[in-house]
Amino acid sequence: MKILVINAGSSSLKYQLINMEDESVLAKGNCERIGTDGKISHKTASGKEISYDVAFPTHKEAFMELVKNLVSGEGKVIDDVKEISAVGHRVLHGSEKYKTSTLITDTVIEDIFAFSELGPLHNPPQATAMRACQEVFGKEVPMVAIFDTSFHQTMPEKAYIFGIPYEYYEKYHIRRYGFHGTSHRYVSAQYFQLTGKKKEGTKIITCHLGNGSSISAIKDGKVYDTSMGFTPLDGFIMGTRSGGVDPSVITYLANKENISPDEMSNILNKKSGFLGISGVSSDCRDVTAAAKAGNHRAQLTLDILVYQIKKFIGGYAAGMGGVDAIIFTGGIGENDRELRAAVCSDMEFLGLSICKDTNEAIRGKDAKFSTDSSKVEAWVIPTNEELLIARDTQEIVSGLK
């Protein structure tokens, strides 16, 4: 079975074609600047890379172009589009309705559109891409929606209810939802597979650290709490996001600077975090380089990041009554050895001690870097959200036969 995995944005369409027999990626690419001039980048497993400008008035034309590259020309990896058995779509928000990955129907697409207030930047283009996909592939090709929020639906009420009047939860479903669910689910499942441990009785903390970051407490294999909230803005500092801020800071600034709600949202989501504090960049690598060159604000940014991550780990360990393993993933979590070491430092009170040499040597692979005597394990497990989407799609589609 070959499955096409889609991650659609308002002006982009990222894709991977995965052969589920050996879970290998046959080809991957990105259709960019949808709605304007357009560009496609396509790469095959053999290393062949193609990139050229092409008009993408809508997502439909982007699907048509990626199909053309899969079945013809230098980027060809299959003989016929009919070899694609199903399509898996990443979806940001499933509200409280979708607790698991779901076969896509017209009703599901309508629901995803209906949740646009909860995910205004992601849900509309993702639902639009589903309809475009149906137009290109036909409705006979099954599609599956994998929701970023679904893995976090196991949180107890005490973890997801905010301290505002309960009527707003009842009227508007305002609560903690959590995001990066596909990543947290993949790395936690991979941990259990690597260690052979049973989910029951385990307490792990997964740290997805990248330009967008979140941390999840996972007890008995189910999410107990997570750092992102009603939106991906909550938690700790990220590339351009502020993380959690005293709400009174927002109203105070709005009054002082005469800032509208939309302008404030733009500041908190796109001008804060690494970029806002350091004044250097939203990329952690650039901030690290500036800190090493003596930039105080850059160093302060890194200090805040490490401190906030440590606080979440400590808080989740307390909330779960202990912790068995701490897992790092995402672009920063997998590659920033110095940050991992800083986060794990002074954690002996939790029973965590790491091997510095092992931590330094990790390069893009599953690896434990805690010492043999450490009571708490520390791991790097590279995430693979596309593979999890493909696996879910295969499982649901296979059940239709």
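The crossing of helices α11 and α13 is right-handed (the near helix is turned clockwise from the far one by less than a right angle). This is a predicted model: local features need pLDDT of at least 70, side-chain atom pairs count only at pLDDT 80 or more, and totals for chains, interfaces and linings use all residues. Residues are numbered from 1 along each chain as its sequence is written, and side-chain values use heavy atoms, with hydrogens and water left out.

Helix α11 spans residues 296–320 and helix α13 residues 337–344 (helices are DSSP runs of H or I, at least four residues; strands are runs of E, at least two; both are numbered from the N terminus). Their axes lie 9 Å apart, at an angle of about 50° (axes are lines fitted to C-alpha atoms, for helices over the stretch in contact; angles run from 0 to 180 degrees between N-to-C directions).

On α11, the contact uses Leu-305, Val-306, Ile-309, Lys-310 and Ile-313. On α13, Leu-339, Ala-342 and Val-343 take part (contact means heavy atoms within 4.5 Å).

Now the sheet. Six strands form an open, mixed sheet in the order β11-β10-β9-β12-β14-β13 (strands pair if DSSP finds at least two bridges between them). Its edges are β11 (222–226) and β13 (367–368), each pairing on one side only. Strands β9 (residues 203–208) and β12 (residues 325–329) run parallel, joined by five bridges. Thr-206 stands opposite Ile-327 in β12. Helix α11 packs on this sheet, touching β9, β10 (214–219), β11 and β12. The direction of α11 makes about 15° with that of β10.
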